[in-house]
Amino acid sequence: IETICEKEWEVKIIPSDEVSGVISVAAALYDVDNKIAVFVTDSQHSITKVLNINLPYIRFEDKDTEIWCLDHFDRNEDQKLTFAEAASWTDLVGTHTPSSPFGGKNFDEFKYFVSIETDDWFFKGTSLTSIIIPENVRLEERAFEGSALEKIILPESLTILEEAIFRDCKNLKEIVIPNNVWQIKEYAFSGCEALEKVVFPSHMTSIEIGAFNGCLSLKEVNLPLGIQKIEASTFAGCGSIEKISLPSSLKSVASNAFGGCESVKYAVVDELSDWFEIDFEDQRAHPFYNSYKNKPQLMNKSGKVLSSIYVESVDVNGLKVVKDYSLIGYNGSVTLDNNIRVIGRNAFYGSSIKEITMPSKLDSIATAAFGNCDSLLIMRINDVEKWLKVKLAGSSSHPLARASSKSHTSMYGSDGKPIYQ
């Protein structure tokens with residue numbers, strides 16, 4: 001192709017076996033990849049061929065973006081930016097030192113700047129709403145912090161989302177994290193109040209402190225296999241989350257990881273045995289702590305609600321226990337492993353269980369293990385003498401303490417008869 005004369009709607013092409021000479025064009029339409037679709041007509045005005053022709057110059061959607069790019073990157077100052085010119089720059093400073101601030105909104109054409117090495121904070125706090133990042137660009141920490149960003153396509157070459165990279169991008173609604181990203185650093189999406197959906201890569205291993213803190217519109221979290229720890233305040237203040245899927249690789253959840261998550265209805269687990277092994281640092285680390293009044297439920301991967309579960313003992317330093325905080329807010333019925341020796345702190349706090357049978361080998365119940373268990377009205381004891389030796393860490397550790405202040409409660413022996421004395 002030698003020339004494209006848009007004014008006269010003619011396309012002069014190099015002669016070939018298929019088409020030669022000057023072709024009269026009936027219509028020409030731009031598409032998103034900076035090509036024009038050319039409809040070739042004969043003397044009777046019938047379409048004989050459709051040609052997709054690459055334009056030599058970048059066609060910008062946003063006029064302000066075009067002005068900024070021409071001001072910075074138009075080497076020959078012809079008021080047009082070629083693909084070659086865009087690809088020749090290694091930084092966003094261009095011809096300006098220091099650079100004038102970016103003032104456009106749509107910069108999807110950034111994908112043609114394939115030699116840029118780093119974003120250099122050029123988009124932090126700007127009016128930018130949409131951008132496509134080219135491969136191999138290194139995005140710095142706080143790169144888009146406080147911008148008006150609504151949509152971004154990230155490159156597959158990206159491996160880390162840096163600290164606060166999208167913090168306070170209050171218009172960002174969805175993010176697809178590339179497959180090669182293994183780590184999201186602290187506060188990466190903190191304050192993204194409109195963020196509704198996050199698509200995680202399948203092999204991510206690290207999400208750091210406060211990464212999604214204050215994402216008020218986030219409704220569902222599906223953490224990938226490989227995540228071993230949810231750090232402090234990761235999802236704190238995400239008051240709209242209704243469903244959380246936790247991987248079998250998860251080993252621990254830090255303080256306040258789910259603080260303020262008041263709308264959680266479901267926690268999805270691969271295997272219950274994996275759930276019982278999780279170390280919750282405190283009650284606010286548990287996804288049900290702030291939503292227990294809504295009677296949240298455990299669910300398996302196939303979508304079945306686990307309304308009746310067998311609580312396996314977990315070996316901690318040779319002792320069979322129910323771990324601290326493990327079944328906060330559980331809504332359903334439970335059967336305890338008879339080998340359990342210790343029921344941990346806040347283990348059943350706020351749960352909706354209605355009756356429970358104490359393990360015959362039980363030695364102690366920790367503080368608030370049955371705190372706020374308003375529905376627990378029946379306790380069954382296989383060995384009364386053994387039960388009388390169980391160490392209770394205060395009234396809130398007794399299974400019937402909470403309900404007995406409001407309702408009639410009962411204790412039954414191994415023969416099924418009520419225990420009166």
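The following dialogue explains how to read several features of a predicted model.

Me: What is the strand order in the open sheet of three strands?

Reply: Strands of a sheet pair through backbone hydrogen bonds, either parallel or antiparallel. Strands (E, at least two residues) and helices (H or I, at least four residues) are DSSP runs numbered from the N terminus, and two strands pair if DSSP finds at least two bridges between them. Here the order is β26-β28-β30, with parallel pairing. The edge strands, β26 (355–358) and β30 (410–412), each pair on one side only. From one strand to the next, the twist averages 20 degrees, where axes are lines fitted to C-alpha atoms and angles run from 0 to 180 degrees between N-to-C directions. Three bridges link β28 (residues 378–381) with β30; methionine 379 has methionine 411 in β30 as its bridge partner.

Me: In which sense do β22 and β23 run?

Reply: Strands β22 (residues 314–316) and β23 (residues 319–322) run antiparallel, joined by three bridges, and aspartate 315 stands opposite lysine 320 in β23. Their hairpin has two residues between the strands, and asparagine 317 takes a positive phi near 55 degrees there. Strand β23 also runs parallel to β25 (residues 342–343), with two bridges; valine 322 faces isoleucine 343 as its opposite residue in β25.

Me: Which residues of helix α1 are buried?

Reply: Buried means under 20% relative accessible area, exposed over 50%, and partly exposed in between, with a 1.4 Å probe and protein chains only. In α1 (residues 63–73), the buried residues are Thr65, Glu66, Trp68, Cys69, Leu70, His72 and Phe73. These buried residues pack against α2 (83–87) and β6 (106–107), where contact means heavy atoms within 4.5 Å.

Me: Why does serine 88 count as partly exposed?

Reply: Serine 88 counts as partly exposed because its relative accessibility is 33%. Serine 88 lies in the loop between α2 and β6. The side chains of serine 88 and arginine 75 are joined by a polar contact of 2.9 Å; such a contact is a pair of N or O atoms within 3.5 Å, and within protein one must be able to donate a hydrogen and the other to accept it, with residues adjacent in sequence counting only if both atoms are side-chain atoms.

Methods: Residues numbered from 1 in each chain as written. Predicted model: local features only at pLDDT ≥ 70, side-chain atom pairs only at ≥ 80, totals over all residues. Heavy atoms only, no water.
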